[in-house]
Amino acid sequence: MALNAAAMAVEWSVVGWVVTAVLATAAIIATVIVTRRFGTRRAALTWFSESTPLISRVAEGSQLEVMYRDIPVLDPVLITVVFVNSGPRDITSDMFDAGRPISVGIAAQFYGVTKIEGGAKIDVPAVGTEPTSATIRVNPLLLKRRQSWSFSVVVSGVPAVTLDTPLIDTDVKEIVPRDWQGTIWSTFAEVFTGMGSPIAEVAALLVPGRRTNQG
């Protein structure tokens, strides 16, 4: 009888340890999920860009040319930049540190803007500005959750888009499109489709991209 009692005690001890381990694991997972969704409540800004040559290689050397306000543009490229508020809260103008704008470096000779959407307020350099000074500034403004800003500009040469974001309590992530057969708008739609979904939040951790700034 004493042996049976001892054996039962060992079995219950093992069961207790297993239950404790399961509960501890569940608590860790729940803490991670709750903290991610409701804990820090940091804002999140996702951005991406696309550069499209306006004269294809097939047409190089032909009589085709692109002009911006009657000014010929050599090696013309259309750059589109998109910002999406993909986080759990609005990004307010107060979150721009010391009122500084977001700076978008182009690294190509600048000619002009072709489109602005979403109510973004931008300052652009003069026509013909050299690559070293070609910076577009996105001024402080309210960007509500799930809303976006975008703009397109014409440049000359081979651009390299960079970003300086003076945003406080905001995670900034650049998305590099994986399928170059699509367009920037397919990436744009992909970001919006999953926002607010727990599955999308987990997927966001697995999608290639890089943090460009964390204020």
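This is a predicted model: local features need pLDDT of at least 70, side-chain atom pairs count only at pLDDT 80 or more; totals for chains, interfaces and linings use all residues.
Visitor: Let's start with β1. Which residues does strand β1 cover, and is T46 in there buried or exposed?
Guide: Strand β1 spans residues 43-53, and T46 lies in it. T46 is buried, because its relative accessible area is 7% and the cut-off for buried is under 20%.

Visitor: What does the side chain of T46 make a polar contact with?
Guide: With the side chain of S86, at 2.7 Å.

Visitor: And how many residues of β1 are buried overall?
Guide: Eight of its 11, so β1 counts as mostly covered.

Visitor: Which way does β1 pair with β11?
Guide: Parallel, over five bridges, with β11 made of residues 170-175. Within that pairing, W47 has E174 as its bridge partner.

Visitor: What about β1 and β4? How many bridges there?
Guide: Nine, and those two strands run antiparallel; β4 is residues 76-85. One spot to look at is T52, which sits opposite L78 in β4.

Visitor: Switching topic: what's the strand order in the four-stranded open sheet?
Guide: The order is β7-β8-β5-β10, with antiparallel pairing.

Visitor: Which strands stand at the edges there?
Guide: β7 (122-123) and β10 (162-164). Each has a single partner strand, so one side of each is left without a neighbour in the sheet.

Visitor: And how many bridges link β5 and β8?
Guide: Four, in the antiparallel sense, between residues 102-105 of β5 and residues 135-138 of β8.

Visitor: Which residue of β8 stands opposite G105?
Guide: That's T135.

Notes:
Residues are numbered from 1 along each chain as its sequence is written. Side-chain values use heavy atoms; hydrogens and water are left out. Two strands pair if DSSP finds at least two bridges between them. Buried means under 20% relative accessible area, exposed over 50%, partly exposed in between (1.4 Å probe, protein chains only). A polar contact is a pair of N or O atoms within 3.5 Å; within protein, one must be able to donate a hydrogen and the other to accept it, and residues adjacent in sequence count only if both atoms are side-chain atoms.
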